[in-house]
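Here is a short briefing to read alongside the model. Have the viewer open and follow along topic by topic.

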Amino acid sequence: GALEFLYNQINDLKTPNLDDVIQHYQEYWKKELEEFKTSWEILETRDDMTIQDYQRKGEFYIKSYFEKNQPFTDTKVIGTEINLSFDVAEGIFFNGFVDRLDKVGDTFIINDYKTNKNLPPENKEMYQEQLNLYAVGVKQKYGKYFTKLKAKLHYLHFDIVDEREITDEIIQNIQEKYKNLAEEIDTKKSQFDSDPKNTFPTNKGSLCRFCAFQMICAVFIHRDMDDEMISGELKEWT
């Protein structure tokens, strides 16, 4: 929210002011706490950090980022929080949000902010596939306006930027990968009714709470059942 506000100021040809950005950040925090108080309380117990700790950490990131990148005169901002809706391949629809899209010369740059406390190893392609997918959408939406496309991962905790070029070959490879994946899923869908246990094996992880398919997952299906149903249903899945 704060960095989006910062670059929207730049896009409006205004000179950004750190105090204004911090004030916007504090107001954003106040609103978030009022609307999602329960979620923040859960996060406090999970990470052993208070809400005030998170707030101070975010303010530190903003100040460090501002001081490193000011006066923000070298970049044209195409947009912030850009909603990309596009076809990864024929019949495969994807929707996502790009944190920021810049133009430098004849190059467009996809920017993504990360606040990880652990820096991924250089040879680990963490998050790169996400930006490769965004590149497909950026090319479809803005392709005639640039000759080169790059991606930047901003690791705010470490004040590090991981930059790389996204070539046509990379875009073609990610499209082919998701085309094959979609075909595999379609094949398994036809098998699901006859063999639900083995068609989509469970893979429990930290992202399960965001999954839209919990109602057909063995790990979560029992949540809305009574004891008698659980003993019967789960026995079939385990």
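**Helix H2**

In H2, the buried residues are Val-21, Ile-22, Tyr-25, Trp-29 and Glu-32, where buried means under 20% relative accessible area, exposed over 50% and partly exposed in between (1.4 Å probe, protein chains only). Before going further, please note that this is a predicted model, in which local features need pLDDT of at least 70 and side-chain atom pairs count only at pLDDT 80 or more, while totals for chains, interfaces and linings use all residues. Residues are numbered from 1 along each chain as its sequence is written, and side-chain values use heavy atoms, with hydrogens and water left out. Helices (H or I, at least four residues) and strands (E, at least two) are DSSP runs, numbered from the N terminus.

- Seen down the axis of H2, its buried residues fall within an arc of 95 degrees, so they line one face of the helix; the arc is that of the directions from the helix axis to the C-beta atoms.
- On the face of H2 turned away from this buried side sit the exposed residues Asp-19, Lys-30 and Glu-34.
- H2 covers residues 18-35, and its 18 residues should span 26 Å at 1.5 Å a residue, which agrees with end C-alpha atoms that are 26 Å apart; the expected span is 1.5 Å times one less than the number of residues.
- At the start of H2, the backbone nitrogen of Asp-19 has a side-chain oxygen of Asn-17 within 2.8 Å.

- Strand E1 (residues 76-89) and strand E2 (residues 92-104) pair in the antiparallel sense over 11 bridges; two strands pair if DSSP finds at least two bridges between them.
- Val-77 stands opposite Asp-102 in E2.
- The hairpin of E1 and E2 has two residues between the strands, and Gly-91 in the turn has a positive phi of about 80 degrees.
- E2 also pairs with E3 in the antiparallel sense, over five bridges, with Leu-101 opposite Ile-110 in E3.
- That hairpin of E2 and E3 likewise has two residues between its strands, and Gly-105 takes a positive phi near 65 degrees.
- E3 and strand E4 (residues 148-155) pair in the parallel sense over eight bridges, and Lys-150 in E4 is the bridge partner of Ile-109.
- Strand E3 (residues 107-114) is mostly covered, with eight of its eight residues buried.
- Thr-107, Ile-109, Asn-111 and Tyr-113 point one way from E3, whereas Phe-108, Ile-110, Asp-112 and Lys-114 point the other way.

**Aromatic pairs**

- The structure holds nine aromatic pairs; rings of Phe, Tyr and Trp (its six-membered ring) pair if their centres lie within 6.5 Å, and planes under 30 degrees apart count as stacked, over 60 as edge-to-face and the rest as tilted.
- One of them is the edge-to-face pair of Tyr-7 and Tyr-65, 6.3 Å centre to centre with 75 degrees between the planes.
- Tyr-7 lies in helix H1 (residues 2-11) and Tyr-65 in helix H4 (residues 51-69), so the pair ties together parts that are 58 residues apart in sequence.
- Tyr-65 and Tyr-113 have ring centres 6.2 Å apart and planes at 85 degrees, so this pair is edge-to-face.
- Ring pairs link Tyr-7, Tyr-65, Phe-66, Phe-72 and Tyr-113 into a cluster.

**Cysteines**

- The structure holds zero disulfides, a disulfide being a pair of cysteine sulfur atoms within 2.5 Å.
- The sulfur of Cys-208 is 6.5 Å from the closest cysteine sulfur, in Cys-217, too far for a bond.
- Cys-208 counts as buried at 15% relative accessibility, and Cys-217 is buried with a relative accessible area of 19%.

Key: Polar contact = N/O pair within 3.5 Å; in protein donor to acceptor, adjacent residues only side chain to side chain.
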